[in-house]
Amino acid sequence: LPGLAAVAAAKRWRVPSVVSVCGGEFAAHPQIAYGGGLTSGTRWLALAATRGATAVTVATDWMREHVLAAGAPVTDVVPLGADLTRFRPAPVEQPPRLVHIAGLNRVKDQDLLLAAFALVAAHQPDVRLTLAGGDTLDGHHLRLADRLGLASRVDFLGHVPHEQLAAVVGGATFHVLASHHDAGPVAVLEAAACGVPTVGTDVGHVHDFASLTPAAAVAVADRSPATLAAAMTDLLADEPRRAALAAAALRWSGAHDAQHTASAFEMLYRRLSASSARA
């Protein structure tokens with residue numbers, strides 16, 4: 001609706017409009033009742049907004065393909081970069097600690113994350129998992145961790161103010177993402193800026209980073225606890241690979257930081273303004 005309102009106002013005043021597709025506008029995940037693509041009405045609203053806009057931005061190449069497949073246009077890929085004055089590399093801690101930064105909800109799928117971590121923890125007695133994010137499911141994941149025998153191995157921090165997140169991410173062995181859908185998870189870029197690589201499901205920046213040469217993340221296509229656990233276990237055992245992934249992720253995040261994001265949008269606005277002035 002905000003995008004459609006912006007397009008309508010722009011047409012009324014005969015100026016350019018920009019719509020950013022930043023979430024599940026075209027997603028359809030009926031198993032968790034998530035996504036604008038689940039109903040014809042919400043899908044129509046998203047299509048009307050994007051097709052009516054002068055420019056449409058997304059944060060990742062993965063999201064660009066997702067939006068194009070839904071029949072909507074994409075003109076620019078603009079990652080939402082990390083603030084490098086806040087997120088910086090830190091020495092890797094021992095014993096190993098995995099970190100997950102996201103609100104506790106069905107889309108981020110911490111059920112999958114905890115089930116996979118239970119398999120990892122069964123063979124890695126010293127590894128821990130830290131989850132930072134507000135609970136939207138009334139303690140569901142706390143109870144799940146307890147049922148899986150992970151109560152002493154998982155730290156639930158709840159909501160952590162953004163200015164304190166660097167201290168949570170920094171020093172972690174790697175970051176884990178288990179989302180069903182993630183348009184451009186900033187947590188991946190903030191972890192990368194801290195020198196922390198990501199293992200996760202094949203969405204958003206995880207997909208894009210895993211497609212780089214050299215790779216900057218590990219993406220798993222099979223959404224099963226065993227597959228995610230295997231990827232996590234393999235990376236825990238391979239320090240040189242972790243270092244290579246971290247270095248590649250750090251380079252990319254440094255070149256696509258928050259200042260890069262601001263500059264990219266400014267250039268887009270200048271381009272559209274110049275085009276509008278000529279018209």
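This is a predicted model: local features need pLDDT of at least 70, side-chain atom pairs count only at pLDDT 80 or more; totals for chains, interfaces and linings use all residues.
Helix α7, spanning residues 186–193, is largely enclosed by the rest of the structure, because 7 of its 8 residues are buried. The buried positions are Ala187, Val188, Leu189, Glu190, Ala191, Ala192 and Ala193. The elements covering these residues include the strands β4 (97–101), β7 (174–177) and β8, together with the helices α6 (162–169), α8 (204–210) and α10. Just after α7, glycine 195 adopts a positive phi of about 75°.

Two packed helices are described by the angle between their axes and the distance between the axes. For α7 and α10 (residues 239–255), the axes come within 7 Å and cross at roughly 110°. Angles of 65 to 115 degrees count as roughly perpendicular, and the two helices are therefore roughly perpendicular to each other. On the α7 side, the contact is formed by Leu189, Ala192 and Ala193, whereas α10 contributes Ala249, Leu250, Trp252 and Ser253. By residue class, this contact comprises 6 nonpolar residues, 1 polar residue and no charged residue.

Strand β8, one of the elements covering α7, comprises residues 198–201 and contains threonine 201. With a relative accessibility of 2%, threonine 201 counts as buried, since the cut-off for burial is under 20%. A polar atom of the threonine 201 side chain lies 2.8 Å from the backbone oxygen of serine 179. Beyond neighbours within four places in sequence, threonine 201 is in contact with Leu112, Leu177, Ala178, Ser179, Val206, Val220 and Arg223.

An open sheet is formed by 3 strands in the order β1-β2-β3, with parallel pairing. Strands β1 (18–20) and β3 (76–77) lie at the edges, each pairing on one side only. The pairing of β2 (residues 55–58) with β3 is parallel and extends over 2 bridges. Within this arrangement, threonine 57 has aspartate 76 of β3 as its bridge partner.

The loop between β1 and α2 (40–52) includes isoleucine 32. When residues up to four places away in sequence are not counted, isoleucine 32 touches Arg106, Val107 and His180. Isoleucine 32 and serine 276 are separated by 244 residues in sequence, and their C-alpha atoms are 43 Å apart in space.

Technical notes:
Residues are numbered from 1 along each chain as its sequence is written. Side-chain values use heavy atoms; hydrogens and water are left out. Axes are lines fitted to C-alpha atoms, for helices over the stretch in contact, and angles run from 0 to 180 degrees between N-to-C directions. Helices (H or I, at least four residues) and strands (E, at least two) are DSSP runs, numbered from the N terminus. Angles under 35 degrees count as roughly parallel, over 145 as roughly antiparallel, 65 to 115 as roughly perpendicular and the rest as oblique. Contact means heavy atoms within 4.5 Å. Ala, Val, Leu, Ile, Met, Phe, Trp, Tyr, Cys and Pro count as nonpolar, Asp, Glu, Lys and Arg as charged, and the others, Gly among them, as polar. Two strands pair if DSSP finds at least two bridges between them. Buried means under 20% relative accessible area, exposed over 50%, partly exposed in between (1.4 Å probe, protein chains only). A polar contact is a pair of N or O atoms within 3.5 Å; within protein, one must be able to donate a hydrogen and the other to accept it, and residues adjacent in sequence count only if both atoms are side-chain atoms.
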